Number of protein chains: 2
Amino acid sequence: MYSVAVGLAKILRIPQRSTLSGVTDYVSRSNMARSTATSSIFKGSKDRFNGITVDSTLEPCDSGAFSKCLKASLDQWITENRRAIWFRVGLEQSDWIPDLTKNGFKFHHARDDWVTLYRWLPTDQTCNIPPYAHTLLGVGAIVYNEDTDEILVVKEKYSVVTPMWKFPGGYVEPGEDITVAAEREVMEETGIEAEFKHILSFRHAHRFAYGCSDIYMVACLTPRSYEITKCNREITDCVWMKLDEYVQHPEVHENNRLVAEKFIEFKNHKRTITVQTLIHPAIKTPFRVFTISKLED
Amino acid sequence: MYSVAVGLAKILRIPQRSTLSGVTDYVSRSNMARSTATSSIFKGSKDRFNGITVDSTLEPCDSGAFSKCLKASLDQWITENRRAIWFRVGLEQSDWIPDLTKNGFKFHHARDDWVTLYRWLPTDQTCNIPPYAHTLLGVGAIVYNEDTDEILVVKEKYSVVTPMWKFPGGYVEPGEDITVAAEREVMEETGIEAEFKHILSFRHAHRFAYGCSDIYMVACLTPRSYEITKCNREITDCVWMKLDEYVQHPEVHENNRLVAEKFIEFKNHKRTITVQTLIHPAIKTPFRVFTISKLED
């Protein structure tokens, strides 16, 4: 569907620090000559797809001059057969935005202090820019006490339906590993120290918050402490509950009941999704690979 | 960390059509009285967190009047002890944005034709608004021909490093199921019709395109056709390759080699992540639950 940019993303499937929109990699920020309002053409940063990214915080231009600079720049970029043009506009330069949208720019993504707009210049090729992330990622934790055959369950405060017994958990934070998020959420909500062991299941569903799809992973953890100190802000109740009781409990969502049943099945077979950390040979950064494996006892 | 809004998302872990920011659910659009430039206060739509969402396309206001309307509205919302105020601003009303940022609004997320800004009003509480999605989702496909012990592999066109033999695959589209994405990508890239069977593994890594994290799922599919028609736009080569040859091949990324080894292990044990479709009891929509299961022969 979108050949070049997706092509690259597909090829690599490895951390890309300097690709797609140039937004994450404004090459040689510190070395770049800063333009001023007197510049008639934005310099921007060229990307490997023959696109240009302009960062408003690196090339300030007052709103009076902006319109003229933009038009001159677009003329030049069209002559040069550029493809995607990106403007990353900071809060301080938000008066650029009306001019950009009047010149055919659309919104792509945003984060607190900036928004990124883009315009696809080629008129003879379909725009091949991949959309921004549209998947939320959460994690629930089965903290299993083998000695007592109990799991740690919570009732949350802000329920719009009947409060249910749930696995502690929450959203994975930006840049956070799933393994770390599971341990952090258990600690925050229940005060229990627990260690990530493996992934048991995940649920993928659509039309969640902000219209996004949502992946909810269920991780299994081994407790290192047992004394509950619940988070009063988020949790109304937190107990260790017998696994069999949980599976039968009326106040359990269908998804969680299925997952608990699968956990019992797992206990008898010990094959699950475990995690290995690999180091990427080219860029030397670690990444996590989760695969079906026989669990070591 | 962010109690109320996350609290709700945690509780439900089910499709939410009317929550968080109100952006996906501008209640009673059709019934709402449309304000005009003569309104001094934006009506917006109230959400369950005591927040307000204004949609610029539903309450048009010319740029001359906007500043005054915004100030009057903010005064009223502060008096009413509102919490998060959201403005979903369409391309046509982008001249609202400089006024919004001058009044303490920040960017939250964006999609082609609109950008959403927010301001957290309470001065005595930390902002508890969850960030927008920050996880990209892709899928690779192991299409395994049991009769010949071969898998379908491709070399992609837009490689920045040595082209490698890879599983066909690509990004999951907004709202698309992983199972469907795997089948679609195989068909698009190789012309092979194949049926989703199960998930074998996934990789989670950070700092990918647009600064997002990235989950790359590997799905196993059974081929229903065998004649390759490669996509010339994205693929330079596509072959059926003996599984053993693939595992040994020098032009295979470490991640894919590990996954192929795990596939061989799986073949001997047949326990993997399978998918079940459940119907949510309250909202009657289907969702997909992937769990460790013994594969039926």
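This is a predicted model: local features need pLDDT of at least 70, side-chain atom pairs count only at pLDDT 80 or more; totals for chains, interfaces and linings use all residues.
1. Chain A exposes about 11,700 Å², with 49% of it supplied by carbon and sulfur atoms; accessible areas come from the Shrake-Rupley method with a 1.4 Å probe, and for residues only the protein chains shown count as cover. Of the 297 residues in chain A, 61% are buried (under 20% relative accessible area, 1.4 Å probe, protein chains only).

2. Chain A has 6 helices and 13 strands (DSSP runs numbered from the N terminus: H or I of at least four residues, E of at least two).

3. Beyond its neighbours within four places in sequence, Met217(A) is in contact (heavy atoms within 4.5 Å) with residues including Ile178(A), Phe202(B), Ile215(B) and Met217(B).

4. Helix α6 of chain A (residues 254-269) has 16 residues, so at 1.5 Å a residue it should span 22 Å, and its end C-alpha atoms agree at 23 Å apart; the expected span is 1.5 Å times one less than the number of residues. Among the buried residues of α6(A) are Leu258(A), Phe263(A) and Lys262(A). Just after α6(A), Lys270(A) takes a positive phi of about 60°.

5. On conventions, residues are numbered from 1 along each chain as its sequence is written, and chains are lettered from A and ligands numbered from 1 in the order written. Local features need pLDDT of at least 70 and side-chain atom pairs 80 or more, while totals for chains, interfaces and linings use all residues; side-chain values use heavy atoms, leaving out hydrogens and water.

Key
Buried means under 20% relative accessible area, exposed over 50%, partly exposed in between (1.4 Å probe, protein chains only).
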